[in-house]
Amino acid sequence: MQFMLLFSRQGKLRLQKWYVPLSDKEKKKITRELVQTVLARKPKMCSFLEWRDLKIVYKRYASLYFCCAIEDQDNELITLEIIHRYVELLDKYFGSVCELDIIFNFEKAYFILDEFVLGGEAQETSKKNVLKAIEQADLLFETTTLHYCTKFKSNK
Amino acid sequence: MALKIVKGSIDRMFDKNLQDLVRGIRNHKEDEAKYISTCIDEIKQELKQDNIAVKANAVCKLTYLQMLGYDVSWAAFNIVEVMSSSKFTYKRIGYLAASQCFHESTDVIMLTTNQIRKDLSSPNQYDTGVALTGLSCFVTPDLARDLANDIMTLMSHTKPYIRKKAVLIMYKVFLKYPESLRPAFPRLKEKLEDPDPGVQSAAVNVICELARRNPKNYLSLAPLFFKLMTSSTNNWVLIKIIKLFGALTPLEPRLGKKLIEPLTNLIHSTSAMSLLYECVNTVIAVLISLSSGMPNHSASIQLCVQKLRILIEDSDQNLKYLGLLAMSKILKTHPKSVQSHKDLILQCLDDKDESIRLRALDLLYGMVSKKNLMEIVKKLMLHVDKAEGTTYRDELLTKIIDICSQSNYQYITNFEWYISILVELTRLEGTRHGHLIASQMLDVAIRVKAIRAFAVAQMATLLDNAHLLTGNMQRNGICEVLYAAAWICGEFSEHLENPIQTLEAMLRPKVATLPGHIQAVYVQNAAKLFATVLKGQEGNTDSTAAQETSQLMIDRLPLFVQSANLEVQERASCILQLVKYIQKLQQKDVEVAEEVSALFAGELNPVAPKAQKKVPVPEGLDLDAWINEPPSESESEDEQPKAIFAKEEPKHSRPRHTEVDEKELARRREARKQEQANNPFYIKASPSSQKVYQDTPGVEHIPVVQIDLSVPLKVPGMPMSDQYVKLEEERRQKERAEKKKKEKKKRKEKRSGRGKKQDSGPESEEDITPAHMVDIVTEEMPENALPSDDDDKDPNDPHKALDIDLDKPLADSEKLPVRSHRAAESLKSPAEDGDVESAAIHAPKKKNGKEKREKKKDKDSDRKKSSKHKKKKQKKEKEEKEKKKKKKHHHHHHHSDGGGEESVQNGTVEDEEPLPPMSNYCLLAENSYIKMVCDIQGNLQDGSQVVVSVIFENKCDSFLKSMEFNVLDSLNSKLQRPEGSGPHDGLTVPFQLPPGVSNEARFVFTVQSIVMPQKLKGTLTFIVKNEDSSTHEKLDFKLHFTCTSYLITTPCYSDAFAKLLESGDLKGSSVRLEGVNMPFHHLLARICFHHHFSVVERIDSCASMYSRSIQGHHVCLLVKTSGQTVSIDAKCDEPTLLGNVLDEIKQTFSQC
C-alpha cells in the first residue's frame, strides 16, 4: 500500500498516512485530486478506480471515506478487507466510532493504524492482538500521566 | 527551579490541548486561517518552554495542523526533542509527528540516528515498537545504513511483537540501502519458519514484495513457499504466496505445472473472494507462461472463466469489476474461452456504473471477429446515442474506432460500412475527438484504394452540409472532420460526381469562421478541385464554363486573402494570383488544364510513423562532423570546451573542396538523380499525372457492390450504416448458399464426403470473405530499415537496486556497518557524511568508501574470471605473499592496477555488460624450459624509474635454478644493479622454480628521457637440473619500454581537467580508429587498463580521460565513438610522447 487517506463527505481530510516518501507539495496535490475524484463517484459505483499508475480502493463508512492506493499487482479485495478491519478496530476501540471520535482523537486513530499496518503491509491480522497492544501502550500512557500528576502534586 | 516547574505546570493548565484546538477550528469556520495563525503563534510560545509536556502538547497540535495543510517544517527540531523524551507518552507523540512531517530532505533527521538506536534497544517493547513504526515512514538512506545492523538484530528479538515489526521494516531498509539485503537475507529466510504466525506472515510479506520485483533471485525459495502454501490456512499469507508464485512461474514453467493442481483446489474450496480472485489471477498468469503446447489445461481455463462469470453476475459491483478485469487478462491468450461469454459482457455495457462499462468496453476490443464486428459496433452506436456524460460518450467513440481499426482493419469486411459509421459519428455533439475521426477518414481513404469513390462521395456530402458540424468550434471538436473531408475531396477529386458543386461548397463565406488550419486545407484543395474542374470543362467546346469557374475562384478567394491566419492568407494569395493568370490565358483561348493539374500530380504514399527514424545512416556519412568550419574558437571556447579537440578535422576537409572539378560535379549530380529515382520518399519533379489512379492495376476488377447512394446521401443526419449491416448479411447468406451448392456438387462427385463438414451451423471466421478485394496499402518503410528498437525499462525504479544474487556466499566487505564506528562519525559532521556517497561516486577521495569498493571490485573480477584464468589467480595470490618482501614495489603495482579498473567504473553506467578479463602481462620470451611474461609500470615516487615485473614459469619437468637476469643497458635506460656490482653484471633472480611453478620478480630500471619508446636486449641464464644431470641454458629476450609504460593512472577532476585544457600549454594531436567493434565502456576500460588512463567524465558516447607520465607530463584524451569509428583527440605538453602513446593505443585496438 502506498498511502491511506481518510476524508469526510465535505472533502475534509481526517487522517493521512504515507508509506512512500513524497514532498508535502506532492502529497497535497495527490490528496486534492483523489478527494475530488472519489467524491465525484456515484454511490452505486464499484470501489476501485485506476489512477495514474496506481489502483485506488475506497469505501465509505457513514460520512467518512477510507481510501487506499495500491500498486498494479496488489489485491483489491484484500485492501478492502484491510479498510474494513481498520474500521472494526476503531469501532472496538472507541465503541461505535463516529467521525468526531477520529477528529478529536486523531492521534489515537494513528496509533491504531500503526499497530495494524506497518510500512504499507498489514502486520497483524488478529484484531485481538492489535487491541491488546494498543491497550497496553495506553496503560503506559496512563501510568506516565499518573506519574506526572503525582509528581505535580508533590511539587505543589 | 521547583518554582519554575510549578509555574510551567500551571501555565499548562491554561494551554489549549488538541481537543480545544479542534473545537476552536470548528467554531471559527469563517476566519479559520486567522484563528490558526494565532494558534500557531501560541504553539511557538509553548515550544520555547522547557517543560516537555507542554512541548509534546504543542507538537501534537502541530501534527493536526500539518494534516490540514499547514507548513510545520520549522518545528522539526522540536519534534526531535519530543521524540527523545524519556516518557513513552511524549515519545509516541514525537514519533507520530516525525512520521507525518519528516521526509528525506528534512535535515534534522541526521540528528535522530542515535536517539532511534537508543529507542530500538530500549527494554520497553513499546518504545522499540514506536521507533520502528516511525522509522518505517521516514527512513532515509543514511538512517538505513546506520541502523540496518540494529534492526537486523531485532529480527531475532525475544518478543514476537518486535520481531514482526523489525521484519516488516527491513523491506524499507532494503529499498534505501540495497547493500543490506545480502547480509540480512539469511535471517529473513529463517523467519519464514518463525513459531509466531505474525512474524511468519511478515517475513512472507517482505520476501514476496522483494521477489515480485526481481523474481529470478528467489527461485530457490520456491520449494519452501510451496510447502507453506499447502500448509498455511491464513488467507493473508496465502494471497501473498500465491502472488509470489505468479511472479516466479514465468521464469520456471515447471513450477507452473506443479501449481495448477493446488490452485484449482483452492479455487474450488475457498469461500474468501479475495483469495479466489488471487488464485484465478495466478492461474491465468501461469497459463499464460505455459501457453505453448499445453492443451490439457483448457479445464483450468474453463474453471477460471466460470468462476469469473459468477463474479461478473454477482450483484456486488466490486466483484463485477474485478471479474471483468481478470477476464481481459484471459482474453489475451485464450480469446475463444471469453468470446463465448459475449452476452454477459454486452450486458455489462448497460450497467449503471461507468467504470464497469469501461471495463466491458476493453473486453469487447479483444472479442470482435469478422463475424460479429458489425453487430458489436451497432450495439455500441446505440449506446453512443443513449450515453449521458460526454466523457463516457467520448470513450465509446474512441473504443469504436479502436475496435474497428485494430490490427490494420483486420476485422472490417466492408469499408463502405465503416465510412458510414465514421460519418454517423460526426453527428456527436460536443465530442473532443473530431481529430480522431478525421484521421481515420484520411487513413481509410488513402490506404483502401477501392473505397475512394465512395469515400469522396460521402465527404462531398459532409462538405455540403458543413453547417451542421460547425456548431462546435472548440479545439479538436467535430469540425476537424471537415479538414479530412476537404482534403479527400481535393486529393481524389477525379472521383467526384459533381466537382463544381463541391468547389462551390468549399468556397462559401461561412468557411471563414472555421479554424485556421482547416481553412488552409480548404483553400489548397479548392485549387486542386479547380484543376479537376478545368480539365473536365476544357474538353467541351464551350469555353465559358471554364472561365466562369475561374471567375468563381477570383470572386471568393479574396475573403481568405484577408484571413488573420498567415497560412490561409499565404495560400489564398498565391492561388488567387495563379487563377488570375489562368484567367488571362483562358481569355486568350490557351489550353491550361493540363498544366494546372500538373501542379498537383503525383501520389502521396502513406509513410510508417517510424520510417524517418529507421532510415539507416549511409556509410561514410558522419552526422556529427562539421560541414563548415566551426565558429571561431576564441568566442566559443567558453561555452564548448570540447571544441578544443575538434580543431584538426575541418582542416582536412577544406582542401578537398578545391579539388572538385566540373566533371566530378556532373558525375555526382547524375548519381544523385539516380538515387532520387530509386528513393520512394523523394517527390519527383516529372509530372506523372493523376492518371496513376486509373492505371493502377487491380482496381478495375474490384467488384464494387452497387448501392443506391442517392437515398442516404440526400438526407443527411439519417442513420445509414444499418443498411450495410443488412446488405452484408444478405451478401454473406448468398455466399453461404453458393458455397453450400458447391459443396453439394462436390459431395455428389465425391460420394464419400464426410457428413460433418457441410453441417454449416454457425459460420466460421474463414468463411467470411470481404466484400471488396480490399488491398490495404501498408505504410512504407525505408529499405534496409533497422530492426525495431527495444524499450528500456525505467531506470529510476528503486527496486532495480535490489536485484541482488542472494545465493552467493557473504563476503567480509559486505557485513553491515556496526554501530560504534558510524555513530561518532555521523554525529560529528552530518553534512560531510552525506558527501561521502557522492564523492565516492565521482572519484576515489574518501578512503573508507574507496577501499570497500576496491575490495568488492577485486572480488567481482575474481568471480568473473573463469577457470581458464585460474593460473592468473594463483599468481595473484603469490603476489600477495611477496607483498611482504617487496612492499614498495608491490604496493605500487597494485595501486595502478586497481586504480585503472576503478576509474572505469567511475565512468560507466551500472548495468552495462561485464568487462572481459584483461591482462597487462605480455609475453617476453619463451623456450621449452621457461616462459617469461612481463608488465612494465612507471614509478610515481621517482620520475626516472620504471619497474618491470616478470613472471617466470617453469614449463619443463626439471628444476630451474641459478637464474640470472641481465640486460644490455642503453644510454637512456639502465638496469639498477646493487651497489658494488659492475655495469654488465646480471641480477640473480631471488628464487628457484620447481616443475610447473611460476613466480614473479621485479627489476627496476632508470630512464632519462621518456618521450620515445625503447627496446633493450637482455638474456636470462639458468641451470636446468635433473636427477642425474644439470645443463646450463639461456634465453634471449627484448624488453620493450612503450611510452605507455611511463604513464601512471592518475585520477583527475573535471574542473582541473578543464583548467588544464584551457591553459594552452598543451599541444594537440588526434587519431582515428576504424572498425572497433566493442561497447564503448569496454573501449574505455581497455584504454584505462592497457594505457593507464582514468576517465574524467563520460557523456553518452564521449569521454574525457587523463593520465600523467612519471615525469609529470599531462596527457588528456577526448574519446568519441560513432558506430565502429572511434576518434581520439589528445593533448599533451610533450608532442613526441603523445604521438607515441597514440600509436600504441592504435596498436592495442588493431590487435583486437
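Guide: Rings of Phe, Tyr and Trp (its six-membered ring) pair if their centres lie within 6.5 Å; planes under 30 degrees apart count as stacked, over 60 as edge-to-face and the rest as tilted. With that in hand, one aromatic cluster is formed by Tyr409(B), Phe415(B), Trp417(B) and Tyr418(B).

Some ground rules come next. This is a predicted model, where local features need pLDDT of at least 70, side-chain atom pairs count only at pLDDT 80 or more, and totals for chains, interfaces and linings use all residues. Residues are numbered from 1 along each chain as its sequence is written, chains are lettered from A and ligands numbered from 1 in the order in which they are written, and side-chain values use heavy atoms, with hydrogens and water left out.

Back to the rings. Over all chains, a search of the whole structure finds 23 aromatic pairs. One of them joins Phe106(A) and Tyr64(B), edge-to-face, at 5.1 Å centre to centre and 85° between the planes. This pair crosses between chains: Phe106(A) is in helix α4 (residues 106-116) of chain A, and Tyr64(B) is in helix α4 (residues 52-67) of chain B. Helices (H or I, at least four residues) and strands (E, at least two) are DSSP runs, numbered from the N terminus. Both Phe106(A) and Tyr64(B) are buried. Buried means under 20% relative accessible area, exposed over 50%, partly exposed in between (1.4 Å probe, protein chains only).

Now a pair within chain B. The ring centres of Phe952(B) and Phe991(B) are 6.0 Å apart and the planes are at 65°, so this pair is edge-to-face. It links distant parts of the chain, 39 residues apart: Phe952(B) lies in strand β3 (residues 945-954), and Phe991(B) in the loop between β6 (987-988) and β7 (998-1007). Phe952(B) and Phe991(B) are buried.

Rings also meet charges. A charge sits over a ring if NZ of Lys or CZ of Arg is within 6 Å of the ring centre and within 35 degrees of the ring normal. Arg92(B) places its charged end over the ring of Phe111(A), 3.8 Å from the centre.

Next, the cysteines. A disulfide is a pair of cysteine sulfur atoms within 2.5 Å. The search of the whole structure finds 0 disulfides over all chains. Cys934(B) is in none; the nearest cysteine sulfur, in Cys922(B), is 4.4 Å away. Cys934(B) has 3% relative accessibility, so it counts as buried. For Cys1043(B), the closest cysteine sulfur is that of Cys1132(B), at 9.7 Å, too far for a bond. Cys1043(B) is buried because its relative accessibility is 0%.

Last, the core. A nonpolar core is a set of buried Ala, Val, Leu, Ile, Met, Phe, Trp, Tyr and Cys residues joined through side-chain atoms within 4.5 Å. The largest one has 296 residues, and Tyr86(A) and Phe102(B) touch the most other members. Helix α29 (residues 516-538) of chain B gives the largest share of this core, 12 residues. Leaving aside neighbours within four places in sequence, Tyr86(A) is in contact with residues including Met4(A), Leu15(A), Phe66(A) and Phe116(A). Contact means heavy atoms within 4.5 Å. Another core, of 36 residues, lies apart from the largest one. Among its members are Val989(B), Phe991(B), Leu1016(B) and Val1024(B).
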